[in-house]
Amino acid sequence: MSLLIVAPTTREARAIGSGCQVTGTGEAGGRALASLLQEQKPDTVLIAGLCGGLDPSLGPGHLILAREAMNEAGEALQPPAMTLQNARRALRNEGSRFVCSRLVTVASPVATRTAKRDLWNEHGAAGVDMETAAFARVAVEHGVDWMALRAVIDPAAMELPAPLRDWNGESSEIGMAAGIALRPNAWLAGGRLAIALRSAGRALRAAAPIVARVVRDTVPLGDDLLA
């Protein structure tokens, strides 16, 4: 099976390693993914990157293998069942720290413990990001299977530093770092986030090739992607 691996940002793509292509975020990211699908015509796209944790049991660097991607309206898509089952088995055999759960996609960062708790209670999703459900929808519209793997950077109990709360996926890393540097009250949270980022990056680099190998080796037997 042919595979396209994508990540929303350059930092996430670097963590995953060679072969991962950057889409960008938001509507522009969806259009970029659509172009890649039209050009490369893969059988499956693996959506990989970072996420916020909603499940209180997950810490930085824990992985979420998506069994469902849901948007804020509750519309959901599922990946091919056989591929998902094989990926779960492979990650478990490799000793990866992961859960197989729902991801919920939102329009802006979920920055506070209260907001994360509310999303957890509403959707029962282990993690939250800003792309997976939209990218999965693009894949389905192009007749392409999808899988998603995310690594938790900010767990449920961690609040994002104030300068990151309005992040739209397009701000430069230098600009975000400068925003934290200019706010002494954000230094502690920023330091914790930097440490968590390293853990999440290592987890992605180790696990993405495992899932990619499974996807390439699995031929789904008529799995339907349900909206």
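This is a predicted model: local features need pLDDT of at least 70, side-chain atom pairs count only at pLDDT 80 or more; totals for chains, interfaces and linings use all residues.
Residues are numbered from 1 along each chain as its sequence is written, and side-chain values use heavy atoms, with hydrogens and water left out.

Let me start with confidence, where pLDDT is the predictor's confidence in each residue, from 0 to 100. The mean pLDDT of the protein is 87, and 83% of its residues reach 70 or more. Some caution is needed at residues 223-227, where pLDDT stays under 50.

As for the overall make-up, the protein has seven helices and eight strands, taken as DSSP runs numbered from the N terminus, with helices being H or I of at least four residues and strands being E of at least two. Of the 227 residues, 52% are buried, where buried means under 20% relative accessible area, exposed means over 50%, and partly exposed lies in between, with a 1.4 Å probe and protein chains only.

Now to helix 2, which covers residues 26-40. At 1.5 Å a residue, its 15 residues should span 21 Å, and its end C-alpha atoms are 21 Å apart, which agrees; the expected span is 1.5 Å times one less than the number of residues.

Which residues of helix 2 are buried? They are Gly29, Gly30, Leu33, Ala34, Leu36 and Leu37. The buried residues pack against strand 1 (3-7), strand 2 (20-22), strand 3 (44-53) and helix 5 (132-141). On the face turned away from that buried side sit the exposed residues Glu27, Arg31 and Glu39. Just after helix 2, Lys41 takes a positive phi of about 50 degrees.

My last stop is strand 6, residues 98-105, where six of the eight residues are buried, so the strand is largely enclosed by the rest of the structure. Strand 6 pairs in the parallel sense with strand 4 (residues 63-71) over eight bridges, two strands being paired if DSSP finds at least two bridges between them. Strand 6 also runs parallel to strand 7 (residues 127-129), to which three bridges join it.

Methods: Contact means heavy atoms within 4.5 Å.
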